[in-house]
Amino acid sequence: MRTITTTEDLRDFCEAAATAPYVTVDTEFLRERTYYPHLCLVQLAYPGDGTEDAVLVDPINTGLDLAPLYDLFRDHGVVKVFHAARQDLEIFYIDGNVIPEPLFDTQVAAMVCGFGEQVGYETLVRKLAKESLDKSSRFTDWSRRPLSEAQKQYALADVTHLRVIYEALKAELDRSGRTKWLAEEMAVLNDPGTYKVEPENAWQRIRTRTQSARFLAIVRELARFREAYAQERNVPRNRVYKDDALVELASTKPASLNDLSRSRLLLREARKGEIAEGILAAVAAGQAAELDDLPQPDRSREKMVVNPALADLLRVLLKAKAEEKGVAQKLIATSSDLDEIAAGRRDVAALRGWRKEVFGDDAMKLCNGEIALAAKGSSVVLVPL
(Lines give C-alpha, C1' and ligand atoms only; values in the text may rest on other atoms or scores of the structure.)
Protein backbone atom coordinates (compact mmCIF):
# COMPACT_ATOMS: atom_id res chain seq x y z
CA MET A 1 0.00 0.00 0.00
CA ARG A 2 1.80 3.10 -1.27
CA THR A 3 1.54 6.53 0.35
CA ILE A 4 2.78 9.57 -1.58
CA THR A 5 4.32 12.35 0.48
CA THR A 6 6.40 14.28 -2.10
CA THR A 7 5.42 16.46 -5.03
CA GLU A 8 7.82 14.56 -7.29
CA ASP A 9 6.16 11.21 -6.54
CA LEU A 10 2.72 12.74 -7.03
CA ARG A 11 3.82 14.10 -10.40
CA ASP A 12 5.08 10.66 -11.46
CA PHE A 13 1.79 9.04 -10.48
CA CYS A 14 -0.32 11.70 -12.22
CA GLU A 15 1.73 11.39 -15.41
CA ALA A 16 1.05 7.65 -15.41
CA ALA A 17 -2.63 8.24 -14.67
CA ALA A 18 -2.84 10.68 -17.57
CA THR A 19 -2.32 7.75 -19.97
CA ALA A 20 -5.38 5.96 -18.56
CA PRO A 21 -8.99 6.54 -19.67
CA TYR A 22 -10.09 7.42 -16.15
CA VAL A 23 -8.92 7.97 -12.59
CA THR A 24 -11.00 7.37 -9.45
CA VAL A 25 -10.75 9.95 -6.68
CA ASP A 26 -11.85 10.26 -3.06
CA THR A 27 -10.84 12.34 -0.06
CA GLU A 28 -10.84 12.20 3.70
CA PHE A 29 -11.31 15.51 5.46
CA LEU A 30 -12.42 17.16 8.69
CA ARG A 31 -14.88 20.02 8.99
CA GLU A 32 -16.33 19.93 12.48
CA ARG A 33 -14.22 22.84 13.75
CA THR A 34 -13.63 24.86 10.58
CA TYR A 35 -15.66 26.71 7.95
CA TYR A 36 -13.62 25.29 5.09
CA PRO A 37 -12.92 21.55 4.90
CA HIS A 38 -9.47 20.52 6.12
CA LEU A 39 -8.04 18.05 3.60
CA CYS A 40 -6.38 15.08 5.30
CA LEU A 41 -5.94 12.50 2.53
CA VAL A 42 -6.50 12.02 -1.19
CA GLN A 43 -7.03 8.55 -2.66
CA LEU A 44 -6.36 7.92 -6.36
CA ALA A 45 -6.51 4.90 -8.64
CA TYR A 46 -6.51 4.19 -12.36
CA PRO A 47 -7.27 0.91 -14.20
CA GLY A 48 -4.89 -1.89 -13.38
CA ASP A 49 -4.16 -4.69 -10.97
CA GLY A 50 -0.69 -3.78 -9.78
CA THR A 51 0.61 -1.92 -6.73
CA GLU A 52 1.36 1.34 -8.54
CA ASP A 53 -2.11 2.06 -9.87
CA ALA A 54 -3.72 2.93 -6.50
CA VAL A 55 -2.18 5.30 -3.96
CA LEU A 56 -2.83 7.43 -0.91
CA VAL A 57 -1.67 11.05 -1.12
CA ASP A 58 -0.81 12.57 2.26
CA PRO A 59 -0.84 16.40 2.30
CA ILE A 60 -0.45 16.77 6.08
CA ASN A 61 2.93 18.03 7.35
CA THR A 62 4.67 16.82 4.19
CA GLY A 63 5.12 20.02 2.18
CA LEU A 64 3.48 18.25 -0.76
CA ASP A 65 2.14 20.48 -3.55
CA LEU A 66 -1.08 19.26 -5.17
CA ALA A 67 -0.34 21.09 -8.46
CA PRO A 68 0.35 17.83 -10.40
CA LEU A 69 -3.03 16.52 -9.32
CA TYR A 70 -4.72 19.73 -10.43
CA ASP A 71 -3.00 19.42 -13.82
CA LEU A 72 -4.49 15.93 -14.11
CA PHE A 73 -7.91 17.33 -13.16
CA ARG A 74 -7.64 19.79 -16.08
CA ASP A 75 -6.75 17.00 -18.54
CA HIS A 76 -9.91 16.49 -20.61
CA GLY A 77 -8.59 13.18 -21.90
CA VAL A 78 -9.04 11.51 -18.51
CA VAL A 79 -12.43 11.05 -16.85
CA LYS A 80 -12.41 11.90 -13.14
CA VAL A 81 -14.63 9.49 -11.20
CA PHE A 82 -16.07 10.32 -7.76
CA HIS A 83 -18.91 9.05 -5.61
CA ALA A 84 -21.14 11.79 -4.14
CA ALA A 85 -18.64 14.35 -5.39
CA ARG A 86 -20.07 17.60 -4.00
CA GLN A 87 -17.87 17.99 -0.91
CA ASP A 88 -14.75 16.58 -2.57
CA LEU A 89 -15.09 19.07 -5.41
CA GLU A 90 -15.56 21.93 -2.98
CA ILE A 91 -12.19 21.10 -1.42
CA PHE A 92 -10.36 21.18 -4.74
CA TYR A 93 -12.15 24.31 -5.94
CA ILE A 94 -11.29 26.22 -2.76
CA ASP A 95 -7.70 24.97 -2.59
CA GLY A 96 -6.75 24.93 -6.27
CA ASN A 97 -9.49 26.87 -8.06
CA VAL A 98 -10.07 23.79 -10.19
CA ILE A 99 -13.07 21.60 -10.95
CA PRO A 100 -12.15 18.21 -12.44
CA GLU A 101 -13.40 17.70 -15.99
CA PRO A 102 -14.78 15.56 -17.46
CA LEU A 103 -16.57 14.43 -14.32
CA PHE A 104 -18.46 11.22 -13.51
CA ASP A 105 -20.36 10.94 -10.21
CA THR A 106 -21.28 7.32 -9.54
CA GLN A 107 -24.03 8.25 -7.06
CA VAL A 108 -25.86 10.29 -9.70
CA ALA A 109 -25.13 7.68 -12.36
CA ALA A 110 -26.61 4.98 -10.11
CA MET A 111 -29.81 7.02 -9.73
CA VAL A 112 -30.02 7.36 -13.51
CA CYS A 113 -29.52 3.60 -13.80
CA GLY A 114 -32.31 2.76 -11.35
CA PHE A 115 -30.50 2.05 -8.08
CA GLY A 116 -32.85 4.29 -6.09
CA GLU A 117 -32.56 7.60 -4.25
CA GLN A 118 -29.13 8.77 -3.07
CA VAL A 119 -27.66 5.27 -3.26
CA GLY A 120 -24.70 4.78 -0.93
CA TYR A 121 -21.22 3.67 -1.89
CA GLU A 122 -21.43 0.57 0.29
CA THR A 123 -24.55 -0.56 -1.60
CA LEU A 124 -22.83 -0.20 -4.96
CA VAL A 125 -19.75 -2.04 -3.71
CA ARG A 126 -21.97 -4.91 -2.62
CA LYS A 127 -24.15 -5.02 -5.75
CA LEU A 128 -21.64 -4.22 -8.48
CA ALA A 129 -18.20 -5.08 -7.09
CA LYS A 130 -19.53 -8.08 -5.13
CA GLU A 131 -17.40 -7.04 -2.17
CA SER A 132 -18.03 -5.80 1.37
CA LEU A 133 -16.62 -2.77 3.15
CA ASP A 134 -15.13 -2.55 6.62
CA LYS A 135 -16.62 0.76 7.83
CA SER A 136 -14.96 0.74 11.26
CA SER A 137 -12.50 3.47 10.21
CA ARG A 138 -15.12 5.75 8.67
CA PHE A 139 -15.38 8.23 11.55
CA THR A 140 -11.79 8.14 12.76
CA ASP A 141 -9.61 11.25 13.04
CA TRP A 142 -7.99 11.47 9.61
CA SER A 143 -5.72 14.32 10.66
CA ARG A 144 -3.73 12.21 13.14
CA ARG A 145 -0.49 10.62 12.05
CA PRO A 146 0.56 7.91 11.57
CA LEU A 147 -2.50 6.45 9.91
CA SER A 148 -3.33 2.92 10.99
CA GLU A 149 -3.28 0.04 8.51
CA ALA A 150 -7.04 -0.24 8.94
CA GLN A 151 -7.46 3.42 7.98
CA LYS A 152 -5.27 2.99 4.92
CA GLN A 153 -7.12 -0.11 3.76
CA TYR A 154 -10.48 1.60 4.24
CA ALA A 155 -9.35 4.71 2.37
CA LEU A 156 -7.84 2.79 -0.54
CA ALA A 157 -10.97 0.63 -0.92
CA ASP A 158 -12.91 3.82 -1.66
CA VAL A 159 -11.11 4.15 -5.01
CA THR A 160 -10.22 0.58 -5.93
CA HIS A 161 -13.82 -0.68 -5.76
CA LEU A 162 -14.88 2.53 -7.48
CA ARG A 163 -13.12 1.36 -10.64
CA VAL A 164 -15.44 -1.65 -10.91
CA ILE A 165 -18.49 0.47 -10.09
CA TYR A 166 -17.60 3.09 -12.70
CA GLU A 167 -17.05 0.56 -15.46
CA ALA A 168 -20.36 -1.20 -14.68
CA LEU A 169 -22.36 2.03 -14.56
CA LYS A 170 -20.71 3.43 -17.68
CA ALA A 171 -21.53 0.23 -19.57
CA GLU A 172 -25.16 0.47 -18.46
CA LEU A 173 -25.40 4.14 -19.46
CA ASP A 174 -23.94 3.32 -22.87
CA ARG A 175 -26.31 0.36 -23.29
CA SER A 176 -29.39 2.36 -22.32
CA GLY A 177 -28.41 5.50 -24.22
CA ARG A 178 -28.46 7.61 -21.05
CA THR A 179 -24.93 8.98 -21.10
CA LYS A 180 -26.33 12.37 -22.11
CA TRP A 181 -28.65 12.31 -19.11
CA LEU A 182 -25.70 12.05 -16.76
CA ALA A 183 -23.87 14.84 -18.61
CA GLU A 184 -26.83 17.16 -17.93
CA GLU A 185 -26.73 16.28 -14.23
CA MET A 186 -22.99 17.00 -14.04
CA ALA A 187 -23.61 20.62 -15.10
CA VAL A 188 -24.44 21.66 -11.52
CA LEU A 189 -21.30 20.03 -10.13
CA ASN A 190 -19.20 21.66 -12.87
CA ASP A 191 -20.53 25.14 -11.99
CA PRO A 192 -18.14 27.14 -9.73
CA GLY A 193 -21.19 28.87 -8.24
CA THR A 194 -22.10 25.59 -6.55
CA TYR A 195 -19.12 25.99 -4.22
CA LYS A 196 -19.27 29.72 -3.52
CA VAL A 197 -21.19 31.11 -0.57
CA GLU A 198 -21.40 34.88 -0.90
CA PRO A 199 -22.16 36.59 2.43
CA GLU A 200 -24.72 38.91 0.85
CA ASN A 201 -26.75 35.90 -0.32
CA ALA A 202 -26.45 33.82 2.86
CA TRP A 203 -29.84 35.03 4.19
CA GLN A 204 -31.68 33.12 1.46
CA ARG A 205 -30.92 29.84 3.24
CA ILE A 206 -32.49 30.95 6.53
CA ARG A 207 -35.96 29.56 7.16
CA THR A 208 -38.36 32.09 8.66
CA ARG A 209 -42.10 32.23 9.18
CA THR A 210 -42.28 35.98 8.83
CA GLN A 211 -42.27 37.48 5.34
CA SER A 212 -41.97 41.13 6.39
CA ALA A 213 -39.44 42.87 4.13
CA ARG A 214 -38.01 44.82 7.10
CA PHE A 215 -37.62 41.63 9.14
CA LEU A 216 -35.89 39.98 6.19
CA ALA A 217 -33.54 42.96 5.91
CA ILE A 218 -32.37 42.33 9.46
CA VAL A 219 -32.04 38.61 8.72
CA ARG A 220 -30.00 39.49 5.63
CA GLU A 221 -27.56 41.68 7.59
CA LEU A 222 -27.19 39.17 10.43
CA ALA A 223 -26.55 36.34 7.95
CA ARG A 224 -24.12 38.50 5.97
CA PHE A 225 -22.09 39.34 9.09
CA ARG A 226 -22.08 35.73 10.31
CA GLU A 227 -20.94 34.34 6.95
CA ALA A 228 -18.17 36.91 6.51
CA TYR A 229 -16.97 36.43 10.10
CA ALA A 230 -16.94 32.62 9.72
CA GLN A 231 -15.11 32.76 6.39
CA GLU A 232 -12.46 35.22 7.59
CA ARG A 233 -11.69 33.20 10.71
CA ASN A 234 -12.34 29.75 9.23
CA VAL A 235 -14.83 28.72 11.92
CA PRO A 236 -18.20 26.97 11.42
CA ARG A 237 -21.03 29.47 11.02
CA ASN A 238 -22.95 27.74 13.82
CA ARG A 239 -20.07 28.49 16.16
CA VAL A 240 -20.78 32.19 15.60
CA TYR A 241 -24.52 31.80 16.18
CA LYS A 242 -27.07 29.27 15.01
CA ASP A 243 -29.99 29.88 12.68
CA ASP A 244 -32.57 29.87 15.48
CA ALA A 245 -30.56 32.49 17.37
CA LEU A 246 -30.31 34.58 14.18
CA VAL A 247 -34.08 34.54 13.73
CA GLU A 248 -34.56 35.40 17.40
CA LEU A 249 -32.22 38.39 17.04
CA ALA A 250 -34.12 39.59 13.98
CA SER A 251 -37.32 39.45 16.03
CA THR A 252 -36.06 41.09 19.23
CA LYS A 253 -33.85 43.70 17.46
CA PRO A 254 -31.27 44.18 20.25
CA ALA A 255 -29.78 47.68 20.42
CA SER A 256 -27.26 47.20 23.25
CA LEU A 257 -25.10 44.62 24.98
CA ASN A 258 -27.67 44.54 27.75
CA ASP A 259 -30.33 43.58 25.18
CA LEU A 260 -28.07 40.80 23.89
CA SER A 261 -27.74 39.38 27.39
CA ARG A 262 -31.47 38.62 27.37
CA SER A 263 -31.25 36.34 24.34
CA ARG A 264 -32.30 32.77 25.08
CA LEU A 265 -30.47 31.19 22.16
CA LEU A 266 -27.29 33.21 21.69
CA LEU A 267 -24.03 31.52 22.67
CA ARG A 268 -22.22 33.11 25.58
CA GLU A 269 -19.20 33.94 23.41
CA ALA A 270 -21.45 35.91 21.05
CA ARG A 271 -22.67 38.30 23.76
CA LYS A 272 -19.42 40.22 23.88
CA GLY A 273 -16.51 41.32 21.75
CA GLU A 274 -16.45 41.34 17.96
CA ILE A 275 -19.43 39.08 17.48
CA ALA A 276 -21.64 41.17 19.76
CA GLU A 277 -20.54 44.36 18.01
CA GLY A 278 -21.22 42.75 14.64
CA ILE A 279 -24.69 41.65 15.70
CA LEU A 280 -25.65 45.12 16.91
CA ALA A 281 -24.29 46.74 13.76
CA ALA A 282 -26.14 44.22 11.56
CA VAL A 283 -29.46 44.80 13.34
CA ALA A 284 -29.01 48.56 13.04
CA ALA A 285 -28.14 48.25 9.33
CA GLY A 286 -31.22 46.13 8.67
CA GLN A 287 -33.47 48.62 10.43
CA ALA A 288 -31.93 51.55 8.55
CA ALA A 289 -32.07 49.93 5.08
CA GLU A 290 -33.76 52.08 2.44
CA LEU A 291 -37.13 50.92 1.13
CA ASP A 292 -35.74 50.14 -2.32
CA ASP A 293 -32.99 48.02 -0.71
CA LEU A 294 -35.31 45.78 1.30
CA PRO A 295 -35.20 42.11 0.27
CA GLN A 296 -38.43 40.98 -1.29
CA PRO A 297 -39.90 37.74 0.01
CA ASP A 298 -40.67 35.06 -2.54
CA ARG A 299 -44.44 35.06 -2.69
CA SER A 300 -44.65 33.12 -5.93
CA ARG A 301 -45.78 29.92 -4.22
CA GLU A 302 -48.40 31.85 -2.23
CA LYS A 303 -49.99 32.93 -5.50
CA MET A 304 -50.00 29.43 -6.95
CA VAL A 305 -53.40 27.87 -7.37
CA VAL A 306 -52.61 24.19 -7.38
CA ASN A 307 -55.15 21.79 -8.81
CA PRO A 308 -54.86 19.06 -6.14
CA ALA A 309 -56.47 16.36 -8.28
CA LEU A 310 -54.08 17.09 -11.14
CA ALA A 311 -51.12 17.14 -8.74
CA ASP A 312 -52.14 13.67 -7.50
CA LEU A 313 -52.41 12.39 -11.07
CA LEU A 314 -48.94 13.77 -11.83
CA ARG A 315 -47.57 11.88 -8.85
CA VAL A 316 -49.08 8.66 -10.18
CA LEU A 317 -47.62 9.39 -13.62
CA LEU A 318 -44.20 10.10 -12.12
CA LYS A 319 -44.21 6.83 -10.20
CA ALA A 320 -45.22 4.92 -13.32
CA LYS A 321 -42.57 6.59 -15.48
CA ALA A 322 -39.85 6.08 -12.89
CA GLU A 323 -40.65 2.38 -12.67
CA GLU A 324 -40.89 2.04 -16.45
CA LYS A 325 -37.53 3.75 -17.07
CA GLY A 326 -35.76 2.48 -13.97
CA VAL A 327 -34.86 5.97 -12.75
CA ALA A 328 -35.12 7.38 -9.23
CA GLN A 329 -38.31 9.46 -8.90
CA LYS A 330 -36.65 12.38 -7.13
CA LEU A 331 -34.11 12.66 -9.91
CA ILE A 332 -36.91 13.20 -12.43
CA ALA A 333 -39.13 15.60 -10.45
CA THR A 334 -39.61 16.86 -6.92
CA SER A 335 -42.93 17.28 -5.15
CA SER A 336 -42.58 21.04 -5.65
CA ASP A 337 -42.08 20.51 -9.39
CA LEU A 338 -45.35 18.60 -9.58
CA ASP A 339 -47.25 21.26 -7.64
CA GLU A 340 -45.91 23.97 -9.92
CA ILE A 341 -46.91 22.04 -13.05
CA ALA A 342 -50.37 21.48 -11.56
CA ALA A 343 -50.59 25.24 -10.95
CA GLY A 344 -49.92 25.97 -14.61
CA ARG A 345 -46.21 26.77 -14.49
CA ARG A 346 -44.07 25.59 -17.33
CA ASP A 347 -40.57 26.85 -16.40
CA VAL A 348 -39.92 23.75 -14.33
CA ALA A 349 -36.83 21.53 -14.40
CA ALA A 350 -38.99 18.43 -14.88
CA LEU A 351 -40.12 19.80 -18.26
CA ARG A 352 -36.60 20.31 -19.67
CA GLY A 353 -33.77 18.21 -21.00
CA TRP A 354 -33.86 14.44 -20.55
CA ARG A 355 -36.65 14.81 -17.96
CA LYS A 356 -38.92 16.16 -20.69
CA GLU A 357 -38.35 13.00 -22.70
CA VAL A 358 -38.92 10.68 -19.74
CA PHE A 359 -41.75 12.49 -17.98
CA GLY A 360 -42.38 16.06 -19.11
CA ASP A 361 -44.00 15.35 -22.49
CA ASP A 362 -46.56 12.98 -20.99
CA ALA A 363 -47.07 15.29 -18.02
CA MET A 364 -48.11 18.05 -20.43
CA LYS A 365 -50.44 15.67 -22.27
CA LEU A 366 -52.02 14.78 -18.93
CA CYS A 367 -52.44 18.47 -18.05
CA ASN A 368 -53.99 19.17 -21.47
CA GLY A 369 -56.47 16.31 -21.24
CA GLU A 370 -54.83 14.38 -24.07
CA ILE A 371 -54.20 11.21 -22.03
CA ALA A 372 -55.71 9.46 -19.04
CA LEU A 373 -54.24 7.01 -16.54
CA ALA A 374 -55.64 3.55 -16.00
CA ALA A 375 -54.73 0.56 -13.85
CA LYS A 376 -53.77 -2.60 -15.65
CA GLY A 377 -52.91 -5.33 -13.22
CA SER A 378 -50.20 -3.96 -10.98
CA SER A 379 -49.17 -1.33 -13.51
CA VAL A 380 -50.41 2.12 -14.55
CA VAL A 381 -50.88 2.65 -18.28
CA LEU A 382 -51.46 5.77 -20.38
CA VAL A 383 -54.68 5.90 -22.37
CA PRO A 384 -54.91 8.36 -25.30
CA LEU A 385 -58.08 10.45 -25.31
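How many salt bridges does the structure hold? In this predicted model, the count is 27. The general principle is that side chains of opposite charge can pair when their charged atoms come close.

Glu90 forms a salt bridge with Arg86, and their closest N and O atoms are 3.4 Å apart. Both residues belong to helix H3 (residues 86–96), where they are four residues apart, about one turn of the helix. Glu90 counts as buried because its relative accessibility is 9%, under the 20% limit for that class. Arg86, in contrast, is partly exposed, with a relative accessible area of 34%.

Helix H6 (residues 149–176) contains a further pair, Lys152 and Glu149, which stand three residues apart, again about one turn of the helix. The closest N and O atoms of this salt bridge are 3.8 Å apart. Glu149 counts as partly exposed, at 48% relative accessibility.

Which parts of the chain does the salt bridge between Asp243 and Arg226 tie together? The closest N and O atoms of Asp243 and Arg226 are 2.8 Å apart. Asp243 lies in helix H10 (residues 243–252) and Arg226 in helix H8 (residues 213–233), so the pair ties together parts that are 17 residues apart in sequence. Arg226 is buried, at 2% relative accessibility, whereas Asp243 is partly exposed, at 34%. Salt bridges also link Arg220, Glu221, Arg224 and Asp293 in a network.

Attention may now turn to the sheet. Six strands make up an open sheet with mixed pairing, in the order E1-E4-E3-E2-E5-E6. At its edges are strand E1 (2–4) and strand E6 (103–105), each of which pairs on one side only. On average, neighbouring strands of this sheet are turned by 30° against each other, direction ignored. Strands of a sheet pair through backbone hydrogen bonds, either parallel or antiparallel. Strand E5 (residues 79–82) pairs with E6 in the parallel sense, over three bridges, and Val81 stands opposite Phe104 in E6.

H3 touches strand E2 (22–30), strand E3 (38–45), E5 and E6, and its direction makes about 85° with that of E2. H6 touches E1, E2, E3, strand E4 (54–57), E5 and E6, and the direction of H6 makes about 140° with that of E2.

Methods: Residues numbered from 1 in each chain as written. Predicted model: local features only at pLDDT ≥ 70, side-chain atom pairs only at ≥ 80, totals over all residues. Heavy atoms only, no water. Salt bridge = Lys/Arg side-chain N within 4 Å of Asp/Glu carboxyl O. Helix = DSSP H or I, 4+ residues; strand = E, 2+ residues; numbered from the N terminus. Buried < 20%, exposed > 50% of the residue type's maximum accessible area, 1.4 Å probe, protein only. Pairing = 2+ DSSP bridges. Axes fitted to C-alpha atoms, helices over the stretch in contact; angles between N-to-C directions. Contact = heavy atoms within 4.5 Å.
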